[in-house]
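Subject: Structure handover

Hi,

Here is the structure for you to look over.

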Amino acid sequence: MTSILPIYKEVVTELKEAGAIWIQFDEPTLVLDIDSHHLQAFTHAYSELESTVSGLKVLIETYFSDVPAEAYKTLTSLKGVAGFGFDLVRGTKTLDLVNAGFPSGKYLFAGVVDGRNIWANDLVVSLNTLKSLEDKVGKGNIVVSTSCSLLHTAVDLTNETKLDKEIKSWLAFAAQKVQEVNALAKALSGERDEAFFFSNAAAHSSRKFSPRVTNENVQKAAASLKGSDHRRATNVSARLDSQQRKLGLPVLPTTTIGSFPQTMDLRRVRREFKAKKISEDDYVKSIKEEINKVVKLQEELDIDVLVHGEPERNDMVEYFGEQLLGFAFTVNGWVQSYGSRCVKPPIIYGDVSRPKAMTVFWSSMAQSMTKRPMKGMLTGPVTILNWSFVRNDQPRSETCYQIALAIKDEVEDLERAGITVIQIDEAALREGLPLRKSEQASYLEWAVHSFRITNCSVEDTTQIHTHMCYSNFNDIIHSIINMDADVITIENSRSDEKLLSVFREGVKYGAGIGPGVYDIHSPRIPSTEEIADRINKMLAVLETNILWVNPDCGLKTRKYTEVKPALSNMVVAAKLLRTQLARAK
């Protein structure tokens with residue numbers, strides 16, 4: 001703190017000299033479970049800045065959740081601060097704190113327009129909230145705002161010329177949210193735009209009563225899930241024995257996570273098929289050739305459990321959403337994922353169901369090309385949920401259960417088609433974890449339950465894999481165990497093997513596990529010795545009979561010139577360790 005505060009003072013001084021009137025400090029950390037020590041540090045920091053910000057109007061913004069009572073008290077007691085901003089969409093309990101007491105003469109930046117989702121604001125409800133707050137805070141002290149920055153939503157709905165008109169009327173992207181803020185601010189000051197409010201009310205009524213939103217059969221199926229934990233009847237140890245008798249895998253079996261490089265030619269074929277420039281027969285022929293190439297490569301490398309490479313897939317969520325009812329898609333609805341990478345999240349607007357099989361055709365084709373086990377590849381319900389814009393008219397858990405039932409249908413169809421290893425990716429399980437610890441157990445309960453629903457009915461001999469990446473999993477390892485998957489492949493190398501520390505600390509894991517042996521996000525090719533060293537570190541904390549050897553993640557962003565030698569070294573390292581283990585016996 002002592003080293004960073006002088007920099008803040010310097011920046012504030014420069015802004016003041018440049019003519020700034022308001023300065024906003026973002027402090028979303030205040031919505032976390034902060035102890036008194038950190039709150040004292042927070043108070044100290046702003047006390048140190050007090051003289052520097054003198055003459056400026058300072059706004060402190062919080063967002064993404066409720067502000068705890070003690071943090072609210074600390075925040076609103078600060079001197080030299082002109083306004084306080086709160087997320088009143090995901091922080092509805094903060095309303096009670098404001099109503100119980102708000103500092104006289106200060107501005108309340110009321111975040112009533114959702115900055116993290118794409119649904120149109122209910123203007124009447126928001127206006128009533130604002131009027132109620134105005135009675136507590138004082139006329140003229142309310143500033144209408146979004147709940148957070150608009151970074152998390154797409155830019156402008158007017159760019160969506162192909163979106164269904166009715167669904168489009170239910171939405172608001174960043175440009176439309178600015179219009180909503182302006183309309184609410186004017187209405188609060190007595191200049192209500194009746195036409196705008198009428199149009200908004202009509203859209204909400206349309207969405208509420210639209211038959212495309214509600215599917216009674218799906219609602220009943222989801223409701224019937226209550227009362228069961230949907231665990232497989234046999235414990236994982238017995239299942240693994242049954243699976244090994246059927247699959248006959250070696251010690252330290254090798255596999256990859258799912259995708260193989262998506263070449264320019266492959267992307268062109270998909271693009272031309274979507275634009276109807278090539279026939280379905282030509283498209284299937286091209287994809288089949290790509291799958292065959294990937295299968296032959298894996299056989300040449302002597303990988304034990306194969307994948308088909310996913311050449312037909314554009315995105316691991318969008319691909320499934322396009323085949324499920326209840327989803328809509330944008331053309332230009334890009335949002336930042338990380339760094340310079342952007343994604344187009346699907347929109348879940350209604351009850352979710354699967355009208356027909358989604359992956360069986362390609363997985364069966366791939367299995368017919370080899371005698372080795374071929375993994376069926378699915379994206380799990382929690383990841384589909386967390387990487388979509390989700391409907392806000394029912395609990396997220398209900399939507400997740402609906403997606404789980406759709407994936408369950410697909411799992412059962414894959415099993416009937418003779419696919420004996422099925423991977424259900426849950427890359428985003430950790431990502432959806434609520435910020436507040438008091439809310440995390442509930443999320444993990446329904447998220448893990450959703451995963452178990454997808455595979456609760458398969459035979460003991462069908463091996464269920466899951467994959468996780470992009471996160472620190474140590475703090476949820478018991479929930480991961482509770483998923484009851486037969487095998488989990490999980491990111492490890494990119495996080496500098498932090499995952500292994502949880503096993504060193506005594507956590508027992510009885511299912512199959514494949515901590516990644518090399519980082520696929522780097523073009524660097526790991527040596528056989530390096531991979532063997534990583535496997536040895538894993539063997540120090542994990543039983544030999546449960547350890548799998550695999551990369552950290554899928555290979556779609558890599559080139560074949562990187563993938564071939566890296567996988568070759570991985571397989572050689574696994575064989576080397578097998579030999580050493582056999583000699584040790």
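At 18% relative accessibility, Cys456 falls under the 20% cut-off, so it counts as buried. Bear in mind that this is a predicted model.

Cysteines

A disulfide needs the two sulfur atoms within 2.5 Å. Cys342 is in no disulfide either. There, the nearest cysteine sulfur is that of Cys148, at 17 Å.

Helices α20 and α21

Helix α20 covers residues 528-539, and helix α21 covers residues 560-584. The two pack with their axes 8 Å apart. The angle between them is about 50°, which makes α20 oblique to α21. Their crossing is right-handed.

Which residues meet in this pair? From α20 come Thr528, Ile531, Ala532, Ile535, Asn536 and Leu539. From α21 come Ala566, Asn569, Met570, Val572, Ala573, Ala574, Leu576, Leu577 and Leu581. By class, the contact has twelve nonpolar residues and three polar ones. No charged residue takes part in the contact of α20 with α21.

Best wishes

Methods:
Residues are numbered from 1 along each chain as its sequence is written. This is a predicted model: local features need pLDDT of at least 70, side-chain atom pairs count only at pLDDT 80 or more; totals for chains, interfaces and linings use all residues. Side-chain values use heavy atoms; hydrogens and water are left out. Buried means under 20% relative accessible area, exposed over 50%, partly exposed in between (1.4 Å probe, protein chains only). Axes are lines fitted to C-alpha atoms, for helices over the stretch in contact, and angles run from 0 to 180 degrees between N-to-C directions. Helices (H or I, at least four residues) and strands (E, at least two) are DSSP runs, numbered from the N terminus. Angles under 35 degrees count as roughly parallel, over 145 as roughly antiparallel, 65 to 115 as roughly perpendicular and the rest as oblique. A crossing is left-handed if the near helix is turned anticlockwise from the far one by less than a right angle, and right-handed if clockwise. Contact means heavy atoms within 4.5 Å. Ala, Val, Leu, Ile, Met, Phe, Trp, Tyr, Cys and Pro count as nonpolar, Asp, Glu, Lys and Arg as charged, and the others, Gly among them, as polar.
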